[in-house]
Amino acid sequence: MKRKLMGMTEASWLMLETKNRPMHVASLLVYSLPKGAPKNYLRDLVSELRETTEFADPFNRKLFYSELMPFVTAIPFWGEDHDLDLEYHVRHLSLPEPGGERELGILISRLHSNPMDLSRPLWEYHVIEGLENNRFAVYFRMHHSIVDGMSSIEMMQRSMSTDPKEVSTPAIWSAAGAPIQSLSLREAAKQVSNSFKTLVPVTKKLLKVAESSLDGDDAFTQPFQAPKTILNGRLKSQRRFATQQYDFERIKALSKLGDCTINDIVLALCSGALRDFLRELQALPSKSLTAGIPISLRTENDSASPAVSFIVASLATNIADPLRRLEAIKASTRRAKEMLQDMSKPEIESFNNILAAPQFLQTALNLEGRTRPVYNVIISNVPGPRMPLYFRGSKLEAMYPVSAVTHGQALNITCYSYAGTLTFGFAGCRDTLPRMQRLAVKTGKALNELEAALKANSPQSKEDAKALAEKKPIKRKARAKPKR
């Protein structure tokens, strides 16, 4: 194909790439081996995968830079590579005994710390054997310039089946799907021209933002209202990774009790965990932490390329009561969504780009992590497949997101829903977040507290309490004392 200019959203992820800030994202997939699998099952599987040399877009895409136009040398182009070194891209690793969750987490932390080789197609597929209870894992990563959470899950789904007997599912790099976005120079110029058409509606929204900032009771949370915490400094290269898994129906039941979205419950659990975690470290600020929440702008006809914007919401970490904290989070997310109502995709992009203009200036001046953060932490929730999936007879038991962090936001919490579960992936800077697994575990404590509070506050619970209070005590006749 002809070389095509990368879209600005995709290019921005590459511009952020440094040794201490690699901008790849990944998924950790945990499989159970098929019943009766031979000892050399995984070795043979890796050999078969390495023989799969048909590459679907975007797995055959490679970065190129213009040599003819010096004024655009920093803007990358996409080209094709059909001669990939699959021994490099498909790797076979083994855990040290006993191959538990701790050993797996340590390995994923190390793998995720390493930047990708930008001279090659931007993906890697690691098959990890030696996991206890007859399981193995896959660590699959791609650069954020070609994938977001939604498109990553779609790619993985195309390489799996709902049929446990299906053994011919394709390797993920040969499973064809929607091509990623790429632009010719003419298309890029047209895109810039169209952005000017959003000026009027976007200006109206910006006036509403200005009005909200003058109203002390308005729940709308703007960028750069976050306090600076231990999460918001400069990054070093090494990463930590931790996981948690919960029953999705339990989370769904809480959203009904709280009259809110699943995402509001996720934010409330993260808020409770962060509040408890920072209090233990004596690092909880009096002002509430805020979260940057990715929202997908993709439609059914969109390509597989990243199409993500952000809203900002309060986490209400300054509120001790879990019910009041949830209500504050609900009010904040509701106002953020109201601001985006009746706006088209280009208008939302322009609106958020203007609000985040100081962040772009921070990046350009290398001030990220040195000045006030845009928000304290990134928290996202990505819906996944509802039915159990299988890869060539191996059942997918769990899938965990492994996200990127950046200067100023040393923690990223992402959730996947899959087959009746909700999994949390905590990715953070190793030198910033000591004992990050403790933070992950605290989401369970926050879940228990919120569940107890919502149930106690439910209409049924209140009716039961009222009925008990109104129930008249039974009068018993006094018994005559026996004579002595």
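How much space lies in the second largest pocket? About 610 Å³. Before the details, a word on what you are looking at. This is a predicted model, where local features need pLDDT of at least 70, side-chain atom pairs count only at pLDDT 80 or more, and totals for chains, interfaces and linings use all residues. Residues are numbered from 1 along each chain as its sequence is written, and side-chain values use heavy atoms, with hydrogens and water left out.

1. The pocket itself. The second largest pocket is lined by 25 residues, and those nearest its centre are Glu-101, Arg-102, Gly-105, Phe-241 and Gln-437. Two or more lining residues come from each of β2 (24-32), α4 (101-113), β8 (239-247), β13 (394-402) and α13 (436-456). Of these, α4 gives the most, with eight residues. (Helices, H or I and at least four residues, and strands, E and at least two, are DSSP runs numbered from the N terminus.)

2. What the lining is made of. By class there are nine nonpolar, seven polar and nine charged residues. Here Ala, Val, Leu, Ile, Met, Phe, Trp, Tyr, Cys and Pro count as nonpolar, Asp, Glu, Lys and Arg as charged, and the others, Gly among them, as polar. As for the word pocket: on a 1 Å grid over the protein atoms alone, with a 1.4 Å probe, it is an open set of points with protein on both sides within 12 Å along at least five of seven lines, and lining residues have an atom within 4 Å of a point. The volume is the space filled by probe spheres set on the points, which are joined across faces, edges and corners.

3. The three-stranded sheet. This one is open too, ordered β1-β4-β3 with antiparallel pairing. The edges are β1 (4-5) and β3 (61-65). Two bridges link β1 to β4 (residues 76-80); look for Lys-4, whose bridge partner in β4 is Trp-78.

4. Two helix pairs. Helices α9 (residues 262-280) and α10 (residues 322-340) pack at about 125°, with axes 10 Å apart. That makes α9 oblique to α10, and their crossing is right-handed. Meanwhile α7 (residues 199-214) and α11 (residues 345-355) pack at about 45° with axes 9 Å apart, and are therefore oblique to each other; this crossing is right-handed. Axes are lines fitted to C-alpha atoms, for helices over the stretch in contact, and angles run from 0 to 180 degrees between N-to-C directions. Angles under 35 degrees count as roughly parallel, over 145 as roughly antiparallel, 65 to 115 as roughly perpendicular and the rest as oblique. A crossing is right-handed if the near helix is turned clockwise from the far one by less than a right angle, left-handed if anticlockwise.

5. Most residues other than glycine have a negative phi, and most peptide bonds are trans. The bond from Asp-57 to Pro-58 is cis, with omega near 15°, and Pro-58 lies in the loop between α2 (41-50) and β3. Glu-97 and Pro-98 are joined by a cis bond with omega about 10°. Finally, Gln-282 has a positive phi near 55°, in the loop between α9 and β9 (290-296).

Terms used. Two strands pair if DSSP finds at least two bridges between them.
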